[in-house]
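Colleague: I am new to this structure and would like to know what stands behind the words used for it. Could you walk me through them?

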Amino acid sequence: MAIQRLFIANRGEIAVRVVKAAKALGIHTIQAHSEADTEMLAVKLADEAICVGPAQSKDSYLNIPAILEAAKSTKADAIHPGYGFLSESPAFARAVEEAGLIFVGPSADTIERMGDKVAARQAAEAAGVPVVPGSDGRIDVSEALTVAEKIGYPVMIKAAAGGGGRGIRIAKNEAELKTLAPQAKAEAEAAFGDGGLYIERAILSPRHIEVQILGDGETAVHCYERECSLQRRRQKVWEEAGAMCLDDETRENLCASAVALAKAVNYRGAGTLEYLYDEAANEFYFIEMNTRIQVEHPVTEMVTGVDLVAEMIKVCGGAALSMTQDEIKKTGHAIEVRLCAEDPFLNFMPWPGVVSTLKEPTGDGVRFDHFLSEGYQIPPFYDSLLGKVIVHAESREAAIDKLVEALESMEIGGTKTTAPLHLALASDPEVRKGAFHTQWLEPWLEAGNLSATKGDAA
Amino acid sequence: MSDIQSPLPGTFYHKPSPEEPPFKAPGDAVAVGDQIGLIEVMKTFIAVTADIAGTFKGYNVDDATPVTAGAVLAELD
């Protein structure tokens with residue numbers, strides 16, 4: 001039953017990570033690639049590679065029939081979806097299962113259930129995991145006032161039928177809710193033909209904290225938490241393990257809640273439960289579960305020594321978890337920064353250059369996960385993530401110092417990267433103190449804290 | 001006669017969205033700064049504008065096609 005021939009249906013740095021982990025387990029690796037990705041590092045490292053379609057993702061990395069066909073023709077017995085692309089598609093997981101292959105992740109049913117906001121919230125509540133206090137399903141305008149009184153202001157008003165940010169309003173008190181709820185209802189009716197509302201407590205300026213879990217379908221463990229509050233346009237840019245803002249008791253309760261939910265859904269593979277943390281109230285609320293490996297998984301690996309990618313491959317091949325909760329120990333502090341091919345001084349304009357020189361950051365406690373090589377033309381067709389610089393040290397303060405050293409010793413010529421942003425952040429007093437939240441970075445950028453001189457001096 | 005070149009590598013689009021007509025049709029007047037297309041680069045859309053005036057002759061590459069930086073996207077008369 002153990003996986004012998006693993007097909008990697010992804011690209012970029014995570015494909016490199018999966019290929020290396022699988023090869024270390026003695027597994028034959030088959031790397032999928034688009035026509036634009038023939039030169040990528042994972043193609044060179046894998047035992048074999050196969051083209052799955054044209055440059056555009058919808059024709060290649062998102063093309064389920066093409067990927068299944070390629071996996072079958074190369075005699076793969078399992079498919080690793082990485083993150084993004086098809087990693088959280090129940091249709092893909094189901095197609096893989098139906099083709100008689102192993103999907104390296106949870107079952108299609110679990111992906112479907114946890115990918116549905118309402119079903120995920122219900123599963124969380126049933127497992128005793130705190131969720132943001134809100135209305136029980138859809139309500140009308142008059143009920144909104146009663147519910148708001150119960151859950152406490154400020155409240156967020158959403159269209160019950162909506163998705164994304166449409167129709168979301170925040171009311172700070174009853175008077176505002178009386179004005180805003182009818183507006184939200186009218187807008188919901190116009191947009192979705194359904195005026196049903198949903199309200200929940202608005203957590204202003206929360207921190208983003210998440211818990212890494214591993215499950216084998218029978219039991220589950222956690223590998224502690226990460227804090228990812230530094231975000232721009234809802235994209236994480238800087239991630240840490242652990243979250244220094246938590247006291248031990250809160251951390252213990254948070255991690256225990258994540259394990260309870262993972263066990264309740266018989267979770268298999270690596271997964272992450274995301275929470276909002278209200279620092280003033282010392283309360284955490286489950287918001288969603290990501291049923292895949294995440295970009296920021298290395299910070300957890302650095303502090304626990306657990307190889308999350310290897311473990312997910314093993315448990316999905318049918319093995320039991322190779323560790324118990326007691327065996328997972330945490331030491332020191334780790335930080336990851338995302339290096340993107342963007343010009344941080346020009347409103348993060350994409351910059352898909354040719355890598356002319358590459359000097360990797362090295363040293364004790366420094367890790368660089370990437371897919372670059374000298375002479376490599378960064379393709380313009382995919383997202384801008386080039387790699388991640390990860391550091392591990394005894395304390396958070398020492399980790400930030402190490403991050404600065406690593407970024408200053410690194411050289412990536414021929415393209416712009418977001419390294420100057422991370423150097424500026426590392427020298428910011430608030431970042432040094434760990435005093436930030438999810439709404440912190442954008443105003444900081446708008447206030448001009450990242451200027452050419454500061455970036456150079458940092 | 002002059003060329004409008006792609007400022008960046010990426011995917012070139014003739015239209016603001018799939019349901020809408022192209023930015024320019026043959027025979028249209030083009031002023032400096034007029035948008036003639038979009039380049040999708042790393043999931044970001046960047047406007048392609050004319051840096052000289054003229055009459056639109058036509059697109060040189062198909063809609064939704066990968067292009068390199070400097071590729072001729074359209075011609076003006």
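This is a predicted model: local features need pLDDT of at least 70, side-chain atom pairs count only at pLDDT 80 or more; totals for chains, interfaces and linings use all residues.

Colleague: What makes chain A agree with a compact globule?

Modeller: The comparison uses the radius of gyration: with 458 residues, a compact globule would have one near 23 Å, and chain A has 22 Å, which agrees. Along its principal axes, the C-alpha trace of chain A spans about 65 × 55 × 45 Å.

Colleague: And what is chain A made of?

Modeller: Chain A has 16 helices and 20 strands. Of its 458 residues, 49% count as buried.

Colleague: Why is strand β11 of chain A called mostly covered?

Modeller: A residue is buried if 20 or more other C-beta atoms lie within 10 Å of its own. In β11(A), residues 235-241, six of the seven residues are buried, so the strand is mostly covered.

Colleague: How do you know that β11(A) pairs with strand β10 of chain A?

Modeller: Pairing asks for at least two bridges. Strand β10(A), residues 220-232, and β11(A) share four bridges, so they count as paired, and the sense is antiparallel.

Colleague: What makes strand β14 of chain A a partner of β11(A)?

Modeller: The test is again at least two bridges. β14(A), residues 333-340, is joined to β11(A) by four bridges, and the two run antiparallel. Here Ala241(A) has Ala334(A) in β14(A) as its bridge partner.

Colleague: Let us turn to helices. How do α1(A) and α11(A) cross?

Modeller: The axes of α1(A), residues 12-24, and α11(A), residues 308-316, come within 9 Å and cross at roughly 60°. The crossing is right-handed. Arg17(A), Val18(A), Ala21(A), Ala22(A) and Ala24(A) of α1(A) meet Val309(A), Ala310(A) and Ile313(A) of α11(A). By class, this contact has seven nonpolar residues, no polar ones and one charged.

Colleague: Now chain B. What makes it agree with a compact globule?

Modeller: With 77 residues, a compact globule would have a radius of gyration near 11 Å, and chain B has 11 Å, which agrees. Its C-alpha atoms fill a box of roughly 30 × 25 × 20 Å along the principal axes. Buried residues make up 30% of the 77.

Colleague: Which elements does chain B have?

Modeller: Chain B has zero helices and eight strands. An open sheet of four strands has the order β1-β8-β6-β3 in chain B, with antiparallel pairing.

Colleague: Why do β1(B) and β3(B) stand at the edges?

Modeller: β1(B), residues 2-5, and β3(B), residues 29-30, each have a single partner strand, so one side of each is left without a neighbour in the sheet.

Colleague: How do you know that β6(B) and β8(B) are paired?

Modeller: At least two bridges are needed. β6(B), residues 54-59, and β8(B), residues 72-76, pair antiparallel over three bridges. Gly58(B) stands opposite Glu75(B) in β8(B).

Colleague: Finally, what is known of the contact between the chains?

Modeller: The contact takes ten residues from chain A and nine from chain B. On the side of chain A that touches chain B, the residues divide into seven nonpolar, two polar and one charged.

How values were computed
Residues are numbered from 1 along each chain as its sequence is written. Chains are lettered from A and ligands numbered from 1 in the order in which they are written. A residue is buried if 20 or more other C-beta atoms lie within 10 Å of its own, exposed if 12 or fewer, and partly exposed in between; C-beta atoms are placed from the backbone. The radius of gyration is taken over C-alpha atoms; the globule rule is 2.2 Å times the number of residues to the power 0.38. Axes are lines fitted to C-alpha atoms, for helices over the stretch in contact, and angles run from 0 to 180 degrees between N-to-C directions. A crossing is left-handed if the near helix is turned anticlockwise from the far one by less than a right angle, and right-handed if clockwise. Two residues are in contact if their C-beta atoms, placed from the backbone, lie within 7 Å. Ala, Val, Leu, Ile, Met, Phe, Trp, Tyr, Cys and Pro count as nonpolar, Asp, Glu, Lys and Arg as charged, and the others, Gly among them, as polar.
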